[in-house]
Amino acid sequence: MPKDNPVDPRGPRFSAWMTTVVLAIVLLTGWWRLLAAQTVLFAMCAFISLRLNPWGHVYRYAIQPRLTPTTEREEAAPLRFAQGVGFVFALIGTLGYATGLTTLGMVATGFALVAALLNATLGLCLGCEVYLLLRRHVPALARPQ
């Protein structure tokens, strides 16, 4: 997995707002193809690079230049792990909707929506927190010193 540079934490929060909108539309409409597109986006960010996120580009080129600069940065690894968690829930949701298991689709999408909304509104990245807990308690994930 390639290493991404640390990121301005406001970028992932903006992306979480956009993800919240997408997932809310899916829950309101059952439009599983939109959820499938979000699933692909989660996969690209988790397994290739955060720089592939189109919402990150919108933030970087349209919003960030208008904000007061910050030196605060977040490591990318927890964010990528969180994208992987989002991928799993979105994939389950997509499969649920696409196969007629609408309740499964709604529940999985709902979990992803709650996580995105917490990140967007409070800056609480559940996937990031899980990553940090795992890294602390699973020796294979710990950074070499």
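The model described here is predicted. In its largest nonpolar core, which has 13 residues, Leu23, Val26 and Leu35 touch the most other members.

**Helix H1**

- Helix H1 covers residues 10-29, and its end C-alpha atoms lie 29 Å apart, which agrees with the 28 Å that 20 residues should span at 1.5 Å a residue.
- The buried residues of H1 are Gly11, Pro12, Phe14, Ser15, Ala16, Thr19, Thr20, Val22, Leu23 and Val26.

**Nonpolar cores**

- Leu23, Val26 and Leu35 are the residues that touch the most other members of the 13-residue core.
- At least two residues of this core come from each of H1, H2, H4 and H5, and H2 provides the largest share, four residues.
- Beyond its neighbours within four places in sequence, Leu23 is in contact with Leu35, Gln38, Thr109, Ala112, Leu113 and Ala116.
- A second, separate core consists of nine residues, among them Leu50, Ala76, Ala82 and Cys128.

**Met44**

- Met44 belongs to helix H2 and is partly exposed, because its relative accessible area of 28% falls between the 20% and 50% limits.
- Apart from neighbours within four places in sequence, Met44 is in contact with Ser49 and Leu52.
- Met44 and Arg80 are separated by 36 residues in sequence and by 9.5 Å in space, C-alpha to C-alpha.

Methods:
Residues numbered from 1 in each chain as written. Predicted model: local features only at pLDDT ≥ 70, side-chain atom pairs only at ≥ 80, totals over all residues. Heavy atoms only, no water. Expected span 1.5 Å × (residues − 1). Buried < 20%, exposed > 50% of the residue type's maximum accessible area, 1.4 Å probe, protein only. Contact = heavy atoms within 4.5 Å. Core = buried A, V, L, I, M, F, W, Y, C linked by side-chain atoms within 4.5 Å.
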